[in-house]
Amino acid sequence: MTAPQRVVMMAEMHGRDLVRRRVALALLVALPLSFYLASAGSGDGAVATGGVGMAFAVAGAALFSELSSADVDQRLVLGGYRPFELLLGRLMFLGPLGLVIAAGFSVLMVAVSHPADGWLVLLGVAAVAVVAVPFGLAVGAGVARELEGTLVLIGVVGIQLAVAPDSIVSKILPFYGPRQLLEAGMTGTGAVAGPLLLSVVYAVVLLLLARVFVGPRLGLVSHPRL
Amino acid sequence: MQSSPDRQLVVSGVVKNYGRRRVLDDVSLSVEAGEVLALTGENGAGKSTLMRICAGLLRADAGTVHVGGRIGYCPQSPSLFELLTADEHLIMFGRGVGLSREDALSRGHALLAEFDFPVGRTVVTAHMSGGTRQKLNLALALLPDPAVLLLDEPYQGFDRGTYVNFWEHCKVWRAEGKAVVVVTHMLAELDRVDGVFELAAARGGEG
């Protein structure tokens with residue numbers, strides 16, 4: 001069996017597992033929705049708040065997918081999977097799922113908030129999903145327990161939402177690019193290529209970071225053969 | 001390490017510390033093909049730690065482990081996805097060792113049937129009894145047809161019939177030429193194995 005087949009297998013099984021978690025799936029949609037609706041009446045910032053708020057749900061799903069199966073992952077590696085294949089399998093399922101939620105969410109925001117450029121809002125929310133999955137995987141790989149992971153996640157996304165968009169702190173956090181895209185979508189002005197590229201770079205770096213973090217936990221000691 | 005066609009697992013001078021606590025102190029053992037070895041010892045003697053080191057899941061602080069072929073490891077508590085069925089586990093673990101869906105299910109069902117697992121039921125593992133989960137846990141260790149089988153108290157939760165059946169299977173594994181290590185506290189079953197290795201507690205530790 002080839003590596004792509006093992007990655008697809010992991011994606012399929014994570015999909016089957018998550019689809020059976022109906023309450024979690026409902027919350028995955030309801031959480032960013034409530035974020036947006038709660039701030040919808042408070043001006044142009046609602047789209048950025050709701051869009052970036054989606055990172056809580058998508059990154060949270062990736063985080064729990066990683067941490068809840070830590071023991072099984074180790075056994076899967078012993079059974080022939082490579083640690084990076086396990087990460088890619090999760091990415092392969094959660095990434096498209098995040099994009100589907102982003103698409104539905106964007107339609108709602110365009111209908112309610114009437115942004116200047118609806119396509120840019122769609123691009124911004126999609127960028128949130130693209131960054132949020134590897135972000136959740138990196139946090140899940142880097143911390144040992146769910147509480148710590150959740151607090152890191154809340155901290156990073158919360159700070160991204162709380163600080164001024166152009167502050168230095170905002171610029172070094174992972175959702176700066178997506179936030180720029182969302183604000184450009186609302187006003188119809190602002191750079192697109194730069195924030196988009198930044199989002200992709202952040203997603204790749206976070207995925208590689210997840211691979212580095214997961215190494216000590218899932219790496220096998222290779223015994224010499226007799 | 002001197003090569004021997006019969007030896008499948010050789011542990012030499014393994015030391016493991018957890019912080020300041022020495023759990024394993026210069027442990028050496030070997031298991032040949034077709035041999036079933038019982039690993040015994042008090043709680044905290046380091047039995048599970050030694051099994052994890054042999055499986056390659058944990059690094060020893062000193063010493064070496066040599067193996068003759070693929071390792072099958074059955075952990076003490078089943079490591080399973082809560083919301084996947086037995087068949088889905090078989091397919092997923094089978095893919096890791098290069099089995100197609102059909103082959104994984106065919107081989108997996110045969111293994112599960114040997115331990116009276118209710119094959120064909122589409123129940124997720126979260127809704128299985130402890131013993132049923134353990135049967136799946138054991139089948140997953142056997143799925144790749146390992147040369148070395150490491151079983152860490154694999155019969156927990158088994159009913160009496162399955163428990164007896166498990167020990168009867170030692171004969172099958174012996175005949176198949178597997179090198180088997182079983183962690184056990186069941187002294188009454190030690191006449192079913194070929195050898196007993198008792199781990200003495202080093203200076204305290206986790207079992």
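User: In which helix of chain A does Leu147(A) lie?
Analyst: This is a predicted model, where local features need pLDDT of at least 70 and side-chain atom pairs count only at pLDDT 80 or more. Residues are numbered from 1 along each chain, and chains are lettered from A in the order written. Helices are DSSP runs of H or I with at least four residues, numbered from the N terminus. Residues 146-162 of chain A form the helix that holds Leu147(A): α7.

User: Is Leu147(A) buried or exposed?
Analyst: Buried means under 20% relative accessible area, exposed over 50%, and partly exposed in between, with a 1.4 Å probe and protein chains only. Leu147(A) has 60% relative accessibility, so Leu147(A) counts as exposed.

User: Where is Pro144(B), and which residues does Pro144(B) touch beyond four places away in sequence?
Analyst: Pro144(B) sits in the loop between α4 and β6 of chain B. Its relative accessible area is 21%, which means partly exposed. Contact means heavy atoms within 4.5 Å. Leaving out residues up to four places away in sequence, Pro144(B) touches Arg70(B) and Val97(B).

User: How far apart in space are Pro144(B) and Ala104(B), C-alpha to C-alpha?
Analyst: In sequence, 40 residues separate Pro144(B) and Ala104(B). In space, their C-alpha to C-alpha distance is 9.1 Å.

User: Which elements of chain B do the buried residues of α5(B) pack against?
Analyst: The buried residues of α5(B) include Phe166(B), Trp167(B) and Trp173(B). Their helix covers residues 160-175 of chain B. The buried residues of α5(B) pack against β3, α3, α4, β6 and β7 of chain B.

Key. Heavy atoms only, no water. Helix = DSSP H or I, 4+ residues; strand = E, 2+ residues; numbered from the N terminus. Expected span 1.5 Å × (residues − 1).
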